[in-house]
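Colleague: Could you walk me through this model? I would like to start with the strands and then move on to the charged pairs.

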Amino acid sequence: MKLTPHTEEWYAWLSKQQKGYYYPGRKVLSPWHGEDSFQTLVFEHLQPEMDVLEVACAQGDLSLAMAPCVHSVLAYDATPGYIDLARKAAEARGITNVRFLVHNSRAQFNRGQPRMPAEDHSIDLWVNSKGPFHPILDAPRVCRPGAVMLMLVPDGGVPGGGRTAPWIEFLPEPLRGLAFPADRNDPNWAYKSIEQNLAEAGLRLHSWWDFDVPCYTPNPRELYIGLTWPFMEDEVPPYHEVEPALEQIFKEFAGPQGLENRWRRSIWKAVVP
């Protein structure tokens with residue numbers, strides 16, 4: 001059976017394969033790689049009286065980190081396995097001002113309109129870390145005037161021209177086709193989509209930041225783990241079949257820290273009028 005990555009069915013499958021949502025495989029990231037910057041930016045916006053909403057919270061790491069700094073956090077995810085992990089973590093840590101809900105905010109599950117599980121005008125800060133774009137459309141309903149929206153987008157921008165690493169063309173198939181599909185030809189896809197969603201919601205972009213830093217993989221085995229992570233076993237070749245090609249890539253292209261690839265993230269901010 002083949003599952004399309006980042007669909008509801010795929011997340012349900014993934015939640016049974018690993019404890020929480022994360023990218024497996026060891027890697028070394030340069031500082032200010034976007035994800036660290038996003039957390040810093042989020043915490044700069046937190047105030048003790050705030051009510052915060054987190055979209056697609058997965059196992060609740062960010063919500064639980066924000067909770068001591070705010071009045072309340074409402075967090076939701078469509079994958080029950082993640083919410084179960086989040087609730088257990090909150091109980092273990094004695095955090096009582098966070099509510100974790102199983103909810104799918106897509107239009108087809110909400111009478112044709114995207115809908116988040118928050119009351120009208122009840123939210124001061126809307127946070128979305130690598131989640132879907134459609135909740136933007138419901139933000140004017142749930143947010144109070146002056147509420148801030150912050151989102152982290154994987155591979156959302158094109159600093160440095162969006163250049164690919166030279167070793168990628170030497171990856172054996174199907175690894176190259178799986179990990180670097182050719183169906184996303186527009187490097188500005190995320191920026192355009194975010195602007196379109198904001199405009200449809202009657203909002204506008206306040207700020208956009210792009211990050212493009214080196215990401216080093218220490219050895220061929222870890223590269224294989226990272227490249228094959230989103231796919232099921234029957235979709236990828238076994239490691240022993242591609243090991244010689246991956247070892248040759250490391251021999252020709254790796255440096256002292258390992259094999260360099262680019263780690264690209266984008267952050268955007270909007271303010272609800």
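Colleague: Which residue does Thr 217 stand opposite in S8?

Modeller: Thr 217 stands opposite Leu 259 in S8, and the two strands S7 and S8 pair in the antiparallel sense over 12 bridges. Helices (H or I, at least four residues) and strands (E, at least two) are DSSP runs numbered from the N terminus, and two strands count as paired if DSSP finds at least two bridges between them. Please keep in mind that this is a predicted model, in which local features need pLDDT of at least 70 and side-chain atom pairs count only at pLDDT 80 or more, while totals for chains, interfaces and linings use all residues. Residues are numbered from 1 along each chain as its sequence is written, and side-chain values use heavy atoms, with hydrogens and water left out.

Colleague: What else does S8 pair with, and over how many bridges?

Modeller: S8, which covers residues 259-271, is joined by 7 bridges to strand S6 (residues 143-154), and these two run antiparallel. In that pairing, Pro 154 has Arg 265 in S8 as its bridge partner.

Colleague: In what order do the strands sit in the sheet?

Modeller: The sheet is open and is formed by 8 strands in the order S1-S7-S8-S6-S5-S2-S3-S4, with mixed pairing. Its edge strands are S1 (28-29) and S4 (98-102), each of which pairs on one side only. S1 pairs with S7 (residues 205-217) in the antiparallel sense over 2 bridges, and Val 28 has Tyr 216 in S7 as its bridge partner.

Colleague: Switching to charges, how many salt bridges are there?

Modeller: There are 13 salt bridges in the structure, where the term means a side-chain nitrogen of Lys or Arg within 4 Å of a carboxyl oxygen of Asp or Glu. One of them joins Glu 8 and Arg 106 at 2.8 Å, N to O, and this pair links distant parts of the chain, since Glu 8 is in helix H1 (residues 8-17) and Arg 106 is in the loop between S4 and strand S5 (123-129), 98 residues apart.

Colleague: What does Arg 144 form a salt bridge with?

Modeller: Arg 144 forms one with Asp 124, their closest N and O atoms being 2.8 Å apart. Arg 144 lies in strand S6 and Asp 124 in strand S5, so the pair ties together parts that are 20 residues apart in sequence.
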